[in-house]
Amino acid sequence: MNNPLLVSSGLPRFSDIRPEYVAPALAQRLQEAREAVEQAVACDEPPTWENLAAPLSEELDRLEQMWGAVSHLNAVVSTPPLRDAYNTGLPLLTAFHSEVSQDARLFARYRALRDASLFATLPEAQRKAIDNALRDFRLGGVDLPEPQRARFKALHEEEAQLSATFDDHLLDATQDFSLLVTDEKELAGLPADVIAEARAQAEKNQQAGWRLTLLSPCYRPVMQYAEHRPLRAALHRAYATRASELGVDPARDNTALIQQLLTLRAEEAALLDYPHYGAVSLVPKMADSVDEVLAFLNDLAKRVRPFAERDLAMLKTFAREALGLAEMEPWDVAFASEKMKQRDYAFSDQEVRAYFQEEKVLSGLFRVIETLYGAVAHAVPAETWHPDVRHFELRDKSSNEMIGRFYLDLYAREKKQGGAWMNGALPLRITPAGTQRPVVYLTCNFPAPVDGKPATFTHDDVLTLFHEFGHGLHQLLTREPTPGVSGLEGFEWDAVELPSQLMENFCWEWEVVEAMSGHVETGVPLPRALFDKMLAARHFQAGLMLLRQIEFGLFDMRLHATPLVPEARAVLNSVRRDIAVMRYADYDRFENSFGHIFAGGYAAGYYSYLWAEVLSSDAYSLFEEAGGLSAGVGRRLRDEILGRGSVRNALQSFIAFRGRPPQMDAFLRHNGIIEATKET
């Protein structure tokens, strides 16, 4: 069988990949990887990088490349057969990784290499990769006796399956809901393109009227602009109860899955002799302890809460006096906030959106990358998984040498997971055939073009695009090809948002915004007066938004920083009683859709967004000191952080870039917490 998933070089052949190819491809790659393990442990010679780590990494890369394509397709063009193939293969893959991490023979070979005199002569990258591997062996349960080792392996397999099911439930619950509106008066206030898309969706489903969904390009405008209060209330309830017992289909309730995951994680920590899962999660991260993380979040909450209280008080007053809302309900918050912003700053998100059409935004983004890093993006035809997806090459401006390639999948659609993310398709490697350049997938859920007009993005959408591209650049611009420490491999999770959050700051630079804006009707750039209004509104409700991120981080860490298995809803309510200022609906089931910590790798790590933002804000302040788009500072960022991989730890790389340890000042300033003292 000519299986496209077994092609070992070049880009994936997406149009040829079918669900029935997944099982045989996975079986072959797993067999090859197991053979590589046996060869590594059967070698009679003393262990070296060349006879141990290198050949094993090569086979694991081939396995990851194959499965990465399957996983990606399941996220962006999911079908029932593909989902079944993915969910059938996932336990097999998880079991293999558990086998490797618990292979005492392999562990002994790595430990012997670490203890050998030649270790000191190895390149720094190889030494770091070996140390990381030994750490991961121990976290994988290699030191456990039987039957605890077998139990640990079973835990990992079950956790992976539960997380996949959590994701499936959330995707289905989001995509299967719709609300048919037959009275056009109920759509008052909605942008014309949202109404047009709702009409198109109704026609597609052979319905008369307007079909509203929970997909972001529909849900967000309804909550912000719909004058009809019952319409906002209906969609808010549907969104807040996704994948819960109150949702459209109780069979997709994630409540039991959450408790099972927490139980398994607690047992995993106990087997490894850690007090709780939070401590396990922090072993490979920057933060030293759960206490340090909780102190960071609680201190931040104390600083931010007064600003959030002020924001809420002003919003309630406005809602009561200007909108006649004696009692502001949760489904009124986004609507009242948008009206208040229009009053105070005399512009709306939709007015700004008209200036950010797709091609102008992309050209502006690419201009930033070219200026900072001397890297030029070129659109190049390639096979993709959907007609809307585009493929680009990133080349060095001076030499025209290939740096890497990336795919852009920007629009929301059916059977595509919500949110925005970056995934690696291929890492930078030196192979016998030459240099394998990195390839990444960049995925968003923005509004697609409607009625023949170009796609237009809100400024928040532009921020999201720059954010995800920052992740992509971290993988693409690496100069380190060593397996285990190349690009994002091995990079501390609580620092991984540094490059992405840093990129967002350029969206607030006039030089950048002017160049990437052009009105969808006239092509005229965003007026400076409108940009100044956006700047004035940059910190609008910053206290409320920042406190909500702190709430998420505290909920996550409290959930995982106990040897007991708490009830998730009780923990969330406790955190909200302690720090929240906003009132939540009784039906709110946020935890049931919190994929970051139950399906996305951020368990006991959601604090990373805030932790890394301290780093990214401080790093960006060096650009501010240099006047904005500085090629010199960009080169330094690439040399000291983006290009280094994880050969040295993130703090060392940050200090090498910034010239000192990180400080809190810029973070507080960028978030509008301007009255805070300048503590480090």
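Trainee: What makes the sulfur of C507 too far from the closest cysteine sulfur for a bond?

Mentor: A disulfide is a pair of cysteine sulfur atoms within 2.5 Å, and the closest cysteine sulfur to that of C507 lies 12 Å away, in C444, which is too far for a bond. This is a predicted model, in which local features need pLDDT of at least 70 and side-chain atom pairs count only at pLDDT 80 or more, while totals for chains, interfaces and linings use all residues. Residues are numbered from 1 along each chain as its sequence is written, and side-chain values use heavy atoms, with hydrogens and water left out.

Trainee: How many disulfides does the structure hold, and where is the nearest cysteine sulfur to C218?

Mentor: The structure holds zero disulfides. C218 is in none, since the nearest cysteine sulfur, that of C444, is 19 Å away.

Trainee: Are C218 and C507 buried or exposed, and how do you know?

Mentor: Buried means under 20% relative accessible area, exposed means over 50%, and partly exposed lies in between, using a 1.4 Å probe and protein chains only. C218 has 9% relative accessibility and therefore counts as buried, and C507, at 0%, counts as buried too.

Trainee: What makes a set of residues a nonpolar core, and which residues have the most contacts inside the largest one?

Mentor: The term stands for a set of buried Ala, Val, Leu, Ile, Met, Phe, Trp, Tyr and Cys residues joined through side-chain atoms within 4.5 Å. The largest such core has 137 residues, and those with the most contacts inside it are L394, F406, F466, F506 and I550. Its largest share, 14 residues, comes from helix α12, residues 290-323, where helices (H or I, at least four residues) and strands (E, at least two) are DSSP runs numbered from the N terminus. Apart from this core lies another, of 57 residues, among them A40, L82, A125 and F137. In soluble globular proteins, nonpolar side chains tend to be buried together.

Trainee: Which residues does F506 touch?

Mentor: Contact means heavy atoms within 4.5 Å. Leaving aside residues up to four places away in sequence, F506 touches V368, L372, F466, V512, Y620, F623, G628 and L629.

Trainee: Why are β3 and β6 said to stand at the edges?

Mentor: Two strands pair if DSSP finds at least two bridges between them. The open sheet has five strands in the order β3-β4-β5-β9-β6, with mixed pairing. β3 (375-379) and β6 (421-426) each have a single partner strand, so one side of each is left without a neighbour in the sheet.

Trainee: How is β5 placed, enclosed or open, and why?

Mentor: 10 of the 10 residues of β5 are buried, so the strand is largely enclosed by the rest of the structure.

Trainee: What packs on the sheet, and in what direction?

Mentor: Helix α16 (residues 459-476) touches β4, β5, β6 and β9, and its direction makes about 170° with that of β9. Axes are lines fitted to C-alpha atoms, for helices over the stretch in contact, and angles run from 0 to 180 degrees between N-to-C directions.

Trainee: Why is R576 called buried, and which residues does it touch?

Mentor: R576, which is found in helix α21, has a relative accessible area of 9% and is therefore buried. Not counting residues up to four places away in sequence, R576 touches R548, E551, Y584, D588 and F590.
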